[in-house]
Amino acid sequence: MNSDANQYTAQSIVLPPLPERMRPADLSGYVGQKHLVGEGCILRNMIESGNLSSFILWGPPGVGKTTLAGIIAKTLNREFHTLSAVSAGVKDVRDVIDRAKNRSVFSQGAAPILFIDEIHRFSKSQQDALLGAVENGTIVLIGATTENPSFEVITPLLSRCQVFVLKSLEVADLQLLLDRALSEDVLLKEKDIEVVESEALFRYSGGDARKLLNVLEIVVDSFAGKDGPIVIDNKTVAACIQENMAIYDKDGEMHYDIISAFIKSIRGSDPNAAVYYLARMLDGGEDPLFIARRLCLSASEDVGLANPNALLLADACFHIVHQIGMPEARIPLAEVTVYLASSPKSNASYLAVEKALGFVRNEPGRPVPLYLRNAPTKLMEELGYSDGYKYAHDYPGHFVDLEFLPEGMEGTVFYEPAPNAHEDRLKAYLQACWPKYYPPGQKG
């Protein structure tokens, strides 16, 4: 048997959930990520050699990050400490490091492993606390994250760790997990279960092993007290999922519904609704940096040039949230949410780039006029590069009437200022500069 399920018995008073019962104890039972743990691959080689260095596992939920860390510690017989970035602070990190230092005084054994789940939620100060211990080998750090570590992990720590990318499980992996659960789990193997259709099981799991096994357990439990075999088909799975929909699932459909309502409330200038959906996300455990990123997008797409300070404030919020983490991060998030919702709106710059992208995709690339090109070499000068270019600052008002678009595109207008106080000023300037493209007196 490839999992720890054999440690449980049907007579146990309380059994852990199915995903925990089926958690593999060694690499032979580990499903997926063959590019990392297959024969001759980098992580397997690291484990088999015992030469373990700090690394970060980056991948979607339920693909085996936590399981892999546990297998490594067990295989190498290393002391194993686990912290969750959701609940741990700098003190918790330092406590683990202090224990590792004290242990090294009396033991010649290998450095303990510190596994930090959701390391992207650690603030800068929390990540800073790890640097020395990782650098000098007091601990081996294994971090797990669903977010791009290039953005969420500080550069000094990232430079001390390898990054391994884990992939969503494929259908063949999910089928293997399903077959094992039905044949090996201490409870399921005793039941008469027939899987007629598995498409819904796999679709709802979304490549997430934990979600697959949770759904399977929910479906099986729905037959409790009923006679006859347990027949699993797509209709039964869909019905069970609807009945057991979580109030907020930060990795599921509700995640997208709430963030959609949040952004649309900001766009609709309703600060009360926006802050309500913000509270729903924070209370449901949503990553505050995910919310901060969406605020930056909303500031640019929805508020835009109607209030350019919005983007500056949203960008500042992102950095503040990254620095301080939760629960304090809720305050700047709320401030920026209310500010954006209460700001005038314009999507003119968004429409401009979409229009330009549409033009670029549907038209062949047109050559840049010679007078706009640099002429760093004598040959380029002889070919006419930069010849005829007029330096705007040499002319009254720092403006010169020069065509900047490629030949054949003269007069194409992508940016149409929206009617608001700030863009009215921009439009007046453009009308003064380019009356042929922005006719004076033209209304926004």
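Surface patches here are made of residues with over 30% relative accessible area and no salt bridge, with nonpolar side chains joined within 5 Å. In this predicted model, Tyr-389, Tyr-391 and Phe-404 make a nonpolar patch of about 330 Å². The structure also holds 14 salt bridges. Three pairs and one network are described below.

**Nonpolar surface patch**

- The patch consists of Tyr-389, Tyr-391 and Phe-404 and covers about 330 Å².
- Tyr-389 sits in the loop between helix H19 (378-382) and helix H20 (421-433).
- Tyr-389 has 41% relative accessibility, so the residue counts as partly exposed.

**Salt bridge Arg-44 to Glu-39**

- Side chains of opposite charge can pair when their charged atoms come close.
- Arg-44 and Glu-39 form a salt bridge through their side chains, at 3.6 Å from N to O.
- Arg-44 is buried, because its relative accessible area is 15% and buried means under 20%.
- Glu-39 is exposed, with 65% relative accessibility.

**Salt bridge Glu-135 to Arg-160**

- Glu-135 meets Arg-160 in a salt bridge, with an N to O distance of 2.6 Å.
- Glu-135 belongs to helix H6 (residues 124-135), while Arg-160 lies in the loop between helix H8 (155-158) and strand S5 (162-165).
- The pair therefore ties together parts that are 25 residues apart in sequence.
- Glu-135 counts as exposed at 52% relative accessibility, because the exposed class begins over 50%.
- Arg-160 counts as partly exposed, at 33% relative accessibility.

**Salt bridge Asp-302 to Arg-267**

- The closest N and O atoms of Asp-302 and Arg-267 are 2.7 Å apart, in a salt bridge.
- This pair links distant parts of the chain, 35 residues apart.
- Asp-302 is in helix H15 (residues 288-303), and Arg-267 is in helix H13 (residues 253-267).
- Asp-302 has a relative accessible area of 6%, so this residue is buried.
- Arg-267 is partly exposed, with a relative accessible area of 37%.

**Salt-bridge network**

- Arg-21, Asp-185 and Glu-217 are joined in a network of salt bridges.

Conventions: Residues are numbered from 1 along each chain as its sequence is written. This is a predicted model: local features need pLDDT of at least 70, side-chain atom pairs count only at pLDDT 80 or more; totals for chains, interfaces and linings use all residues. Side-chain values use heavy atoms; hydrogens and water are left out. Patches are made of residues with over 30% relative accessible area and no salt bridge: like charges are joined within 9 Å, nonpolar side chains (Val, Leu, Ile, Met, Phe, Trp, Tyr) within 5 Å. Accessible areas come from the Shrake-Rupley method with a 1.4 Å probe; for residues, only the protein chains shown count as cover. A salt bridge is a side-chain nitrogen of Lys or Arg within 4 Å of a carboxyl oxygen of Asp or Glu. Helices (H or I, at least four residues) and strands (E, at least two) are DSSP runs, numbered from the N terminus. Buried means under 20% relative accessible area, exposed over 50%, partly exposed in between (1.4 Å probe, protein chains only).
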